[in-house]
Amino acid sequence: MAHYREAHPLPFVVTHWINLVAMIFLIGTGFYIHYPLFGGVMSLARGLHIFFGIVLLVNCLVRVVLAFFIKSAPAPGTRETVLDVKTWLPQRDNRHQLWAWISYYLFLRREHPIAAKLGVPQKITYLLIPVLILFTGYTGLCLWGTTASMPIFAAGMDLLGGPMKVRILHYFMMWVFLGFMCIHVYLSLIEGVSPAKLIFFWKETPGLVYDPETMNIVGFDGLGEESDCGETFKDKR
C-alpha cells in the first residue's frame, strides 16, 4: 500500500516521538531504580523517572483528546480522512479479518490482507495502551512521596495491598510495556519499513491506492520512486 501523511497527521507523529523517548527513559531509569548496579545517580534516576512518567501521562491524554478533533486516513493507500477516533475500532472493511491477520503475522498466510488502518490484532492491542499507561502512572503516583498521601492515591495504595505490592505491580507493568514495544515493532515492520518512515520521519512512500468506499484497490501511486521492498502487492503494469 501507499503510505500517505494523512494516515499519521503531524501532531500524531510528535506524540509518537514523545511516547518513544519517554518510554526509553522510564524503562532505563526503572531498571536502575530496581537494580542500582552503580551508585551516585539514584536521585537523578528518580527525578528523570518522575518527570518522564508525567510527560507520558500528559502525552497520552493529549493524544486521546486529539483523536476527537483531528482527522486521519481510515486506511493506507488513501488521502481521504475521517475523525481519527473512528479508526480506533475494527472498521467495516477489516472487522471480519481477525483470523486472516493472525495467520499473516504467524506466517501461515502469504498474502497481506487488504483492509483498513492497522490489522485487527493491532487495533485491539493499541486500545489497551492508554488504559495501561494510566494504570501504571497511577501506581507510580501512589508510590511517589509527593502524591502518596493524597486521598485518591492513598486509597489506591490500600486497595492494591500496600507499598510493596504496588511497587511489584508497577515494576511488572514495565515488563508489559517492554513486551508491547517488541510486538509493536514486529507488527509494524512485518509490512516493510514504509510505516516506520511515515510515523518517524513523516515520509510518504509509494504503493497501491485503496478506495475505502468500495474497499478495492484502484491503482498505484509511484510518487516518483520505487515501491518499498516490503510491499506484498504491486502493480505489474
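**Figure 1. Arginine 5 over the ring of tryptophan 202.** In this predicted model, local features need pLDDT of at least 70 and side-chain atom pairs count only at pLDDT 80 or more, while totals for chains, interfaces and linings use all residues. Residues are numbered from 1 along each chain as its sequence is written, and side-chain values use heavy atoms, with hydrogens and water left out. The charged end of arginine 5 is placed 4.4 Å from the centre of the tryptophan 202 ring. A charge is taken to sit over a ring if NZ of Lys or CZ of Arg is within 6 Å of the ring centre and within 35 degrees of the ring normal.

**Figure 2. Arginine 63 with phenylalanine 12 and aspartate 84.** Arginine 63 lies over the face of phenylalanine 12, and the distance to the ring centre is 3.6 Å. The side chain of arginine 63 also meets that of aspartate 84 in a salt bridge, at 3.1 Å from N to O. The term salt bridge requires a side-chain nitrogen of Lys or Arg within 4 Å of a carboxyl oxygen of Asp or Glu. Aspartate 84 belongs to the loop between strand 2 and helix 3 (98–105), arginine 63 to helix 2, and the two are 21 residues apart. Helices (H or I, at least four residues) and strands (E, at least two) are DSSP runs, numbered from the N terminus. Aspartate 84 is buried at 1% relative accessibility, whereas arginine 63 is partly exposed at 21%. Buried stands for under 20% relative accessible area, exposed for over 50%, and partly exposed for values in between (1.4 Å probe, protein chains only).

**Figure 3. Salt-bridge network of Glu6, Arg79 and Glu204.** The structure holds three salt bridges. In one of them, the side chains of glutamate 6 and arginine 79 meet at 2.9 Å, N to O. Glutamate 6 lies in the segment before helix 1 and arginine 79 in the loop between strand 1 (71–72) and strand 2 (82–83), so this pair ties together parts that are 73 residues apart in sequence. Both residues are partly exposed, glutamate 6 with a relative accessible area of 24% and arginine 79 with 39%. Glutamate 204 forms a salt bridge with arginine 79 too, with the closest N and O atoms 2.9 Å apart. That pair links the loop between helix 8 (194–201) and strand 3 (207–211), where glutamate 204 is found, to the loop holding arginine 79, across 125 residues.

**Figure 4. Aromatic cluster of Phe31, Tyr35, Tyr171 and Trp175.** The count of aromatic pairs in the structure is 10. Tyrosine 35 and tyrosine 171 make an edge-to-face pair, 6.4 Å centre to centre and with 75° between the planes. Tyrosine 35 is in the loop between helix 1 (10–34) and helix 2 (42–66), tyrosine 171 is in helix 7 (residues 163–189), and 136 residues separate them. Tyrosine 35 is partly exposed at 47% relative accessibility, and tyrosine 171 is buried at 17%. Rings of Phe, Tyr and Trp (its six-membered ring) pair if their centres lie within 6.5 Å; planes under 30 degrees apart count as stacked, over 60 as edge-to-face and the rest as tilted.

**Figure 5. Tilted pair of tyrosine 138 and phenylalanine 153.** The ring centres are 5.4 Å apart, and the planes make an angle of 45°. Tyrosine 138 lies in helix 4 (residues 120–143) and phenylalanine 153 in helix 6 (residues 151–159), so the pair ties together parts 15 residues apart in sequence. Tyrosine 138 is partly exposed, with a relative accessible area of 23%, while phenylalanine 153 is buried, with 10%.

Figure 6. Histidine 170 counts as buried at 18% relative accessibility. Not counting residues up to four places away in sequence, histidine 170 touches His49, Thr136, Thr139, Gly140 and Leu143. Contact here means heavy atoms within 4.5 Å.

**Figure 7. Cysteine 60 and cysteine 182.** The structure holds zero disulfides, a disulfide being a pair of cysteine sulfur atoms within 2.5 Å. For cysteine 60, the nearest cysteine sulfur is that of cysteine 142, 17 Å away. Cysteine 60 is buried, with a relative accessible area of 6%. Cysteine 182 is exposed, at 56% relative accessibility.
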